[in-house]
Amino acid sequence: MAHLKHRHAAPCRGSCTSRIRCVIPRAAATVDPLNLLKGIFKPANNGTPAPQGADFTKQVMSEESKYVLQTYARAPVVISHGKGAKVWDAEGKEYIDMAAGIAVNALGHSDSRWFAALAEQAQQLAHTSNLYHTQPQVELAKRLVENSFADKAFFCNTGTEANEGAIKFARKWARVRAGVDPYDANASAPYELVSFTSCFHGRTMGALALTYKEQYKTPFYPMMPGHRLAEYNNLDSARAVIEKGKTAAVFVEPVQGEGGITPSKLAFLKGLRELCDEAGALLVFDEVQCGLGRTGKLWGHQLYGVEPDMMTLAKPLAGGLPIGAVLMKQHVADVMKPGDHGSTFAGNPLVCHVACTVFDIINNPTFLTSVEQRGVRLREGLKRTMGGNPHVKEVRGVGLLVGVQLDVMAGPVVDTAREMGVLAITAGKGDVIRLVPPLVVGDAEIDKCCEVLGQALKRL
Ligand SMILES: Cc1ncc(COP(=O)(O)O)c(C=O)c1O
């Protein structure tokens, strides 16, 4: 394929490892991207709204409960704006954002490069559907493919949709591989999908069937048939359910996020690869939370040197715009035909152009090393400020995917920390404090977070 024109919204700093040739003259590419916006968009107050009173907060919360379906137990805070790793609520209170919209805002809030890419593409073309070709989608796919194990990318809009896609691709792959006509309703082929205790793969019906927590599933019974559960990090348990002629695919998070920030053991992931190969099943890595730089590696599985057949991505890929992706080997891609799967919004030019900018910033050895170093600082800091507390069983994680395992529920600590100006979340059985800050979080912010969490735990 001829080289496509490579548009840089952010200045081309020579950090882009994509093999796509940049045809923009160097001088043009180094123009301040925000100059592009002069005269186009003038945010009121530089994007910093004036604080509102407590009445405003009450009104938003009360109207939320009146008009929005009540499926979230939200904290009693109205977030108004953000910059870097900080956000402010509508009353002007400042927080260090160690949640990053659940591991999404990789570049933090209001990053000028992100904003420039968004504005640049928005004034050109936002959406066309997949009825037509668009350049930004191809550019993003190229970056993902050329910097991973994969040969093809499929785009969708969320993490659960990425897993939903991977489930469909695996099911069809198993039918084709079994030598049956995949469109024959009476044909039989392997269709079982294996997942693991404490996993989280999403909440749509296919991904939900794989997800561990029973309370997420029971109200919506019956679940999709063909799911087998094995114990995480237990190869014997996996061996008992991965069967030749039955298993289509095995789904695993290289580092479990929602389940409690638990890294896979090396022998476990290696063993799963072997078991899948022996059984003729696909190995699927769900890197929706641990992928794209969060572990200090571009992909979480690079910590292990084990490659999947498919990988699902979402959260940080467009730094806050909705996007998901499934990356796959050619032998999987080969079974999918036009009409087999699709989505109206998926891979639209707006989100893909922004995602290219996010990808180019993260896919830089200096940036990835800084994530690793910030992660070390965070874990060491937490050990210093919390480690002596008898309620702390372990501080664990990798890169900026960090968990503090308590022997009590973490909710009250998270609530107190929020009152003290730090946003964190829970994980596991509710007994883990989960910290997934923007990958650009500063040292001072990390140190303050550790101090605040230490004090919040003491107040238990
Ligand atoms: C590992 C993993 N997979 C899938 C999902 C689902 O992603 P989404 O909420 O975008 O549907 C999540 C969300 O937390 C996740 O952590």
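Reply: Alanine 103 lies in helix α3, where helices (H or I, at least four residues) and strands (E, at least two) are DSSP runs, numbered from the N terminus. The model is predicted, and local features need pLDDT of at least 70, side-chain atom pairs count only at pLDDT 80 or more, and totals for chains, interfaces and linings use all residues. Residues are numbered from 1 along each chain as its sequence is written. The phi angle of alanine 103 is near 65°, a positive value in a residue other than glycine.

Helix α3 (100–103) is also one of the elements that give two or more residues to the side of domain 1 that touches domain 2. Domain 1 covers 54–104 + 365–458 and domain 2 covers 121–362, with bounds from an automatic or database domain assignment. Taken over C-alpha atoms, the centres of domain 1 and domain 2 are separated by 27 Å. Their contact takes 22 residues from domain 1 and 21 residues from domain 2; two residues are in contact if their C-beta atoms, placed from the backbone, lie within 7 Å. On the domain 1 side, α13 (365–386), β13 (392–398), β14 (401–406) and β17 (432–435) also give two or more residues. The largest share of that side, 5 residues, is from α13. By class, the side of domain 1 that touches domain 2 holds 13 nonpolar, 6 polar and 3 charged residues. Here Ala, Val, Leu, Ile, Met, Phe, Trp, Tyr, Cys and Pro count as nonpolar, Asp, Glu, Lys and Arg as charged, and the others, Gly among them, as polar.

The helix packing can be described next. Helix α14 (residues 411–419) and helix α15 (residues 443–458) pack at an angle of about 125°, and their axes are 9 Å apart. Axes are lines fitted to C-alpha atoms, for helices over the stretch in contact, and angles run from 0 to 180 degrees between N-to-C directions. Helices α14 and α15 are therefore oblique to each other; angles under 35 degrees count as roughly parallel, over 145 as roughly antiparallel, 65 to 115 as roughly perpendicular and the rest as oblique. Their contact is made by Val413, Thr416 and Ala417 of α14 with Val452, Leu453, Ala456 and Leu457 of α15. It has 6 nonpolar, 1 polar and no charged residues.

Helix α12 (residues 349–362) packs against α5 (residues 135–146), where the axes come within 8 Å and cross at roughly 35°. This contact joins Pro136, Gln137, Glu139, Leu140 and Arg143 in α5 to Pro349, Cys352, His353, Ala355, Cys356 and Phe359 in α12. Its residues divide into 7 nonpolar, 2 polar and 2 charged. The axes of α12 and α4 (residues 112–122) come within 9 Å and cross at roughly 150°. That makes α4 roughly antiparallel to α12. Arg113, Trp114, Ala117, Leu118, Gln121 and Ala122 in α4 meet residues of α12 including Pro349, Leu350 and His353.

Elsewhere, the peptide bond from tyrosine 221 to proline 222 is cis, with omega near 0°. Proline 222 sits in the loop between α8 (214–217) and β6 (227–230).
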